[in-house]
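Open the model in your viewer and keep the selection tool at hand. Each stop below names what to pick and what to look for.

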Amino acid sequence: MKIAIASGKGGTGKTTLSTNLATFMAESANVVLTDLDVEEPNSGLFVQGELLHSEPKNKMIPHWEKENCSLCGNCQKVCNFNAILKMGDSIMVFPELCHGCYACCELCPTESLPMQPKQMGELKHFRAGDLDFVESRLMISEEQAVPLIKQTIDYVDANFPADTFKIFDAPPGTSCPVIEATKDADLVLLITEPTPFGLHDLKLAVETVRQLGKPFGVVLNRHGIGDDKVPAYCAAEGIPLVACIPNSRKIAETYAAGQLLYRDIPEVKAAVETVAAFIRDHNGGESS
Amino acid sequence: MKLIFTTKGTDWDSPMDPRFGRTEFFFVYDEETSAVETYDNRAIEGEAHGAGPKTAQKLAEFGAQILITGNGPGGNAATVLQTTGTEVHVGAGDMTVKEAYEAYQNGTLKKMQGA
Amino acid sequence: MKEIVVISGKGGTGKTSLTAAFAVLAGSDIVVADCDVDAADMHLLVEPDFAHQEAFFSGQLAVIDQSMCSACGECAAVCRFDAIPIINGQYIVDEISCEGCGYCARVCPVEAITNIEQNVGNWFRSEIRTGTTMVHAGLKIGADNSGKLVAKVKNEAKAVAEKEGKEIILVDGSPGVGCPVVSSLSGASYTVLVTEPTVSGLHDLKRVHQLVKMFGIDCGCIINKSDLNADVLAELRAFLAKEGIAHLAEIPYNEQFTAAVTNGKTIVEWDEEAAGLVRDCWREIQTHVGLPT
């Protein structure tokens, strides 16, 4: 079963929920936590484990071979992304801008632009106690998160049986990377906080998940601070408010130190248990 | 020497455009002939990504040895300018073209390393 | 004209709350540009009137004219994004998967495919309650922020500043480290980095600072929630010192920030103690930018 943890706004507790939930569930089931926030992967700061495997993740970009090139400039003409330019008597490729569409390569009359792998990031697979943890990190100045997210999901699919609980920490926002990270999920958990910012961004996230047609629930973080408009909104929209994580300075401090919360803070443990039960319900009550 | 400025207008009193990739105009000055040439780069607004290298490619067509701009080109554009051997002087973002030229002559602009 | 850009790398550090507070302090002296388009929240604190609205187009989308299509499948064969599935015998473009590369249109033997500019959202020019103008934008679901949209928002803000003779543009920058941030930083006179002493805050600050450094932009840092963790705080301070980043302020963890936001106010209108810190900080930023305080 695939569970995506998402939020409209950054900094609402997405990583807190996914790391605590995954570690807790791993005590009694097979769980893999995957950090798909490839621009800023942070789950690994909270879940340290033994590195089992790492691999470079590549994308395909054109490589100029000048021997037969007639400098016709067709490659530049067919590129919609300004990723390849003819400069004087040479052809320059800008790997970060390339989307890997192959148009320049396959439409080159002299076959002077074969596609070659170029590293865009790195995937790491850790084992932390009972939990498997996978993260991918996009290299700085790389622009496209989506291909790396896709390859990371593929890795998880290939390496873990279908009955594993696969928890995905999605990137924030409502743009393509979030959609890529949630579109295969069986269940989406949206985490937010009880502030006008949190409510506004939750509404955007809800719109996104509804467009994808996914079952979903809301987890409210920092409950007690702010106002009660998020619960009111959920009630009015018929959205399950699955659990509330209380606001407390102790939680903020424990998070700041890079530590998991649920073992020391009973309220967090209670919230995580409720979320785990909600997930199992959606899994048809199977123990997987 | 031929100098090229990133600007928001087409004369010596125009403000500089601190941006490189999305600069509105080029102002080209040939010190030998005192000839001034300008180029309207505003079509670049339509490019979602990769404005830097595209502008750098255009710049190369003017054959200027010196680029005077504000914050300096990003990585991709800098790579293009390296191939043409263009010297990049930054820090003129708040000036007019005239002031930027004077600052260049007085050596008060910062020369970008590796570009 | 000076452009002050506030960025944070990580979400939830208080970037937008602080930017809005600066906007209140600066009043009509500035023009505000909200480039945090993915989670544009500043409008919740400054009450824009959305007076002027324009559609924004960015990127391309392939469209197949079914009346011309011969269903040869050439388009689907060349598409690397699996964006042209065949549904009931018709080749249909999946709008979410299409990258707009245009390859399909180039190989279509009957020229049945065109590329259209995608309407990805709107941008707005508003009067806000601080007595000035704000330029901001809203994206459709699944649409990506881009350097182009950020440049558009900033350009419109500059046009307003020029027209009204304003000296400062205050920019709420985009998150992450991609193209939108690069565009947010392009043209900046000064960058304010907002962080918090958490392991993720430190990690993301280092990443985003690499970019600021590459552009050679003068910058200062605000450590929000500074008393959350003494060890990480010490690390943050050391990092600022090592990189020569001005240490603008340390603002202790204060739930009044949330209380202010909940009441639609900025911290400077809500809590006198924190307000003093933010006021000092804004003054220091102005000094760094070379403006009279």
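Which side chains meet in a salt bridge at 3.9 Å, N to O? Select Arg207(C) and Glu40(A): their side chains form that salt bridge. The term means a side-chain nitrogen of Lys or Arg within 4 Å of a carboxyl oxygen of Asp or Glu.

A word on the ground rules. This is a predicted model, where local features need pLDDT of at least 70, side-chain atom pairs count only at pLDDT 80 or more, and totals for chains, interfaces and linings use all residues. Residues are numbered from 1 along each chain as its sequence is written, chains are lettered from A and ligands numbered from 1 in the order in which they are written, and side-chain values use heavy atoms, with hydrogens and water left out.

**Stop 1: chain A against chain C**

Show both chains. Here 55 residues of chain A are in contact (heavy atoms within 4.5 Å) with 52 residues of chain C. The buried area is about 4,600 Å², and carbon and sulfur atoms give 55% of it. Buried area is the accessible area (1.4 Å probe) that two parts lose on being put together, summed over both. Now pick Glu40(A), Ile140(A) and Phe197(A). They supply 15% of what chain A buries against chain C, more than any other three residues. Three salt bridges are counted between these chains. Next, colour α6 (196–212) of chain A. It gives the most to this side of chain A, with eight residues. Helices here are DSSP runs of H or I, at least four residues, and strands are runs of E, at least two, numbered from the N terminus.

**Stop 2: the sheet of chain C**

Select the strands of chain C. Nine of them make an open sheet with mixed pairing, in the order β3-β6-β7-β2-β8-β1-β9-β10-β11. Two strands pair if DSSP finds at least two bridges between them. At the edges are β3 (52–64) and β11 (246–251), each pairing on one side only. Zoom in on β1 (residues 2–7) and β8 (residues 168–172) of chain C: five bridges join them, and they run parallel. Lys2(C) has Ile168(C) as its bridge partner in β8(C).

**Stop 3: on to chain B**

Stay with Lys2(C). It also forms a salt bridge with Asp94(B), the closest N and O atoms being 2.9 Å apart. Between chain C and chain B the count is two salt bridges. Finally, select α5(C), which brings seven residues, the largest share of the side of chain C that touches chain B.
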